[in-house]
Amino acid sequence: MAEMQYEFRKRMLEVHKKNRRVEKALSAGQIAITSEWTIVFPRENEFLTRVARDLWDYFLVSMNLCVKLSDTCPADKYITYTVDPTMKEHAYAVETKKTSVCLSGQTERAAAQASYLLEDLMNFEESPYLSMGRQEREPRYRTRMVHSGFSLDIFPNEHLSAIAHQGFTAILLFTRAKDETSYGHTDFNDIIRRAADYGLDTYAYSYMVSEKHPDDEGAEEYYDSLYGELFRRCPGLKGVTLVGESVEFPSKDERTTGLVGAKANAAAYPDRATRPPRPGWFPCRDYPDWLNLVKKVIRRVQPAADIVFWTYNWSNRPRDVRLELIENLPTDISLEATFEMSQSAVIDGVPGKATDYTLFLTGAGEYFTSEAEVAGRRGIPLYSMTNTAGLTWDVGTVPYEPAPYQWLKRFEAVNEAHDKYGLVGLMECHHYGVYPSFISELAKAMFTEKNPDGEEIIDRFIVRDWGREHLDAVRASYRDFGNAISKMITTGEDQYGPMRIGPSYPIVLYHHKKLVIPFGKHAMHGQNAICFPNYTYPFYRDGMYEKCQGESRLYKEASVLLINGAKRLTELLPRVHEGKRDEARRIAGIAEFMGRAVLTTHHVKEAYFRKYALLTDEDVDFGATLDELSEIFRAEIENAKATVPLVEFDSRLGYEPSMDYMCHREALEWKIKLQTEILEEEIAALRADGTVKNRDRTHFPRDMWVTY
């Protein structure tokens, strides 16, 4: 039976997976938790009392076991909570003896993580069995921030609980004003309070555009009315994240337009080719002045507020220009630099660049390392946008990318940056949010275990989720998924095109220049806002035609790896334990959806070559090229049809919180109808005419970015 739209949220409200228990014998050195055991909650500590109740629920739901819950400790067979300030910062431990289990942490929040670690250990065991001894964890990062994956800026208690179970420490709220997010009015203080109930801090991600320069008359009063007022009315906020495109101010740096807002810039500089960058997209010399003023009005209200300054928007600016700014920043804020962004590489002979969040490159880029070195020397706390919650913009409408071996490389590189540059904080997703998965669980293990063996940890997840008998087969598919992602050189054209939404992305020729992709009416990013349907590629630039050819080849190879790897997983399903089968099928479905999104991108590029040739190549074989186009359209129609059962089974596929649904059944049917019309009508008309009419008026932009 097909899932209804948004039904995936029901699954997201299940903090503890049902019926994990497998009946088996105890191993040597293990104890069994039975109904005779008691969870002892500290009545004087309301927070840990909630944590104890959560653990009681875990035993009931996941292990089919009803243990006792009391504020009185029996003589034996008990689980207790302890706060031990002498432990290392944020550290926690599970100590198991024959008749007792002690869950300890350096703080009460750390003690809660010990409780969640206890759950993790039993989930791997698939029984309420524990090995005697002490399991310790020391989180490397003081801050791990995520957005909501349930819906934009919506945080049900169960989602908050799941976020805490995954080891994250903070949530982010898109903030246009106090109690106003991109979706409208929201009770910030209610979210802040409920997040704290689950051991999570709350950061404001500022969308408050700045209209005054810090030197302007009344600037302090103006910024106090924005940021000072926000912290006065939301005293529980932990901090604020500030990124150029969202908070740009009228800079006096002569290298910029000095203007705020796209319309103002377009009016003042109508020639886009010669237009200077906007202040939000350039490391202006007066950002330190702006930051100091914002810091002043915030810290007057909340002295401990964490002010995070993110340099995302000028990652591709010259090194010396970027570092000049870092050298002059105040040192009592936090600096955030995106991990892999703007890094170039050659993949199988094809040049590529991390234009936006991607996993095809896993290590730290030069932009990050150059700023990290300066921050470390100056003593500025270092944060990074790492996407380590499990998703990037490589494929925009999946919940996570089930490629653990590729993620493992990223996690190891992030830990290396912690050791080398003092990385202390992570932003782990953007507005696509966090969807708890075995990838986010892998991140938690890699970021907390001492000297973790990543491949051994991946094996634990495979055995838990698929069964030990399928270990080798699942390993092989997971490796293929990672190899596929390493071939997906997602350019801006692809990330803001077919890879943004997947197989519902249309292939168009010449008659659909004002096409609007179907979108959710409540979407923050609707009406082609961050997905451009009229695909174009800058062939007029040297080497770009050949580069696109190489990308198309790699995308085809990647699609085969993903689709075939998913098929092999699907063939395992009848032999997978019934209790694991549903989730296993979803993992396979995500991978196949990714493969079909990649195949769409291959088809879009191949069609674009022919579309371009029909307009520009005087010696083109018109009929043969139309035959090739027809074959591409037919193949893409079949690809879209094959995607329908995937999105019907899993309602999270095709959805992204800021875009809503962009690749559900309705969008795919719209795309199939459109492709059929172009195939049967527009291509037929071109064939009859033997030429493209009105060439001088045909909409064929040189650059995707000047079209919208």
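A residue counts as buried when its relative accessible area is under 20%. That term runs through this report on a predicted model.

**The whole chain**

The chain has 21 helices and 22 strands. Of its 708 residues, 61% count as buried. The C-alpha atoms fill a box of roughly 90 × 70 × 40 Å along the principal axes. The radius of gyration is 27 Å, which agrees with the value near 27 Å for a compact globule of 708 residues.

**Helix 10 and its cover**

Helix 10 spans residues 319–328. Its buried residues are Val-321, Arg-322, Leu-323, Leu-325 and Ile-326. What covers them? Both helices and strands take part: the cover includes helix 9 (287–299), strand 15 (306–310), strand 16 (334–338) and helix 11 (366–378).

**Two helix pairs**

Two packed helices are described by the angle between their axes and the distance between the axes. Here are two such pairs.

| Helix pair | Angle between axes | Distance between axes |
|---|---|---|
| Helix 18 (residues 544–572) and helix 19 (residues 578–616) | about 155° | 8 Å |
| Helix 12 (residues 404–421) and helix 14 (residues 454–466) | about 140° | 10 Å |

Take helix 18 and helix 19, which pack at about 155°. Angles over 145 degrees count as roughly antiparallel, so helix 18 is roughly antiparallel to helix 19. The crossing of helix 18 and helix 19 is left-handed. Their contact has 15 nonpolar, 7 polar and 6 charged residues.

Now take helix 12 and helix 14, at about 140°. That angle makes helix 12 oblique to helix 14. The crossing of helix 12 and helix 14 is right-handed. From helix 12, Pro-404, Tyr-405 and Leu-408 make the contact. They meet Gly-454, Glu-455, Ile-458, Asp-459 and Ile-462 of helix 14. By class, this contact has 5 nonpolar, 1 polar and 2 charged residues.

Tyr-205 sits in strand 13 (residues 201–206). Is Tyr-205 buried or exposed? Its relative accessible area is 2%, so Tyr-205 is buried. Leaving aside residues up to four places away in sequence, Tyr-205 touches His-147, Leu-172, Leu-173, Phe-174, Thr-175, Thr-241, Val-243, Ser-246, Trp-310, Met-427 and His-430. Ala-372 is 167 residues from Tyr-205 in sequence, and their C-alpha atoms are 22 Å apart in space.

Ser-104 belongs to strand 6 (residues 100–105). Its relative accessibility is 6%, so Ser-104 counts as buried. With residues up to four places away in sequence not counted, Ser-104 touches Thr-82, Met-87, Tyr-92, Ala-93, Ala-110, Ala-111, Ala-114 and Arg-134.

Most residues other than glycine have a negative phi. Two residues depart from that pattern.

Tyr-6 is not a glycine, yet has a positive phi of about 70°. Tyr-6 lies in the segment before helix 1 (8–12). With 29% relative accessibility, Tyr-6 counts as partly exposed.

Asn-387, also not a glycine, has a positive phi of about 60°. Where is Asn-387? Asn-387 is in the loop between strand 19 (382–385) and helix 12. Its relative accessibility is 0%, so Asn-387 counts as buried.

Notes:
Residues are numbered from 1 along each chain as its sequence is written. This is a predicted model: local features need pLDDT of at least 70, side-chain atom pairs count only at pLDDT 80 or more; totals for chains, interfaces and linings use all residues. Side-chain values use heavy atoms; hydrogens and water are left out. Axes are lines fitted to C-alpha atoms, for helices over the stretch in contact, and angles run from 0 to 180 degrees between N-to-C directions. Helices (H or I, at least four residues) and strands (E, at least two) are DSSP runs, numbered from the N terminus. Angles under 35 degrees count as roughly parallel, over 145 as roughly antiparallel, 65 to 115 as roughly perpendicular and the rest as oblique. A crossing is left-handed if the near helix is turned anticlockwise from the far one by less than a right angle, and right-handed if clockwise. Ala, Val, Leu, Ile, Met, Phe, Trp, Tyr, Cys and Pro count as nonpolar, Asp, Glu, Lys and Arg as charged, and the others, Gly among them, as polar. The radius of gyration is taken over C-alpha atoms; the globule rule is 2.2 Å times the number of residues to the power 0.38. Buried means under 20% relative accessible area, exposed over 50%, partly exposed in between (1.4 Å probe, protein chains only). Contact means heavy atoms within 4.5 Å.
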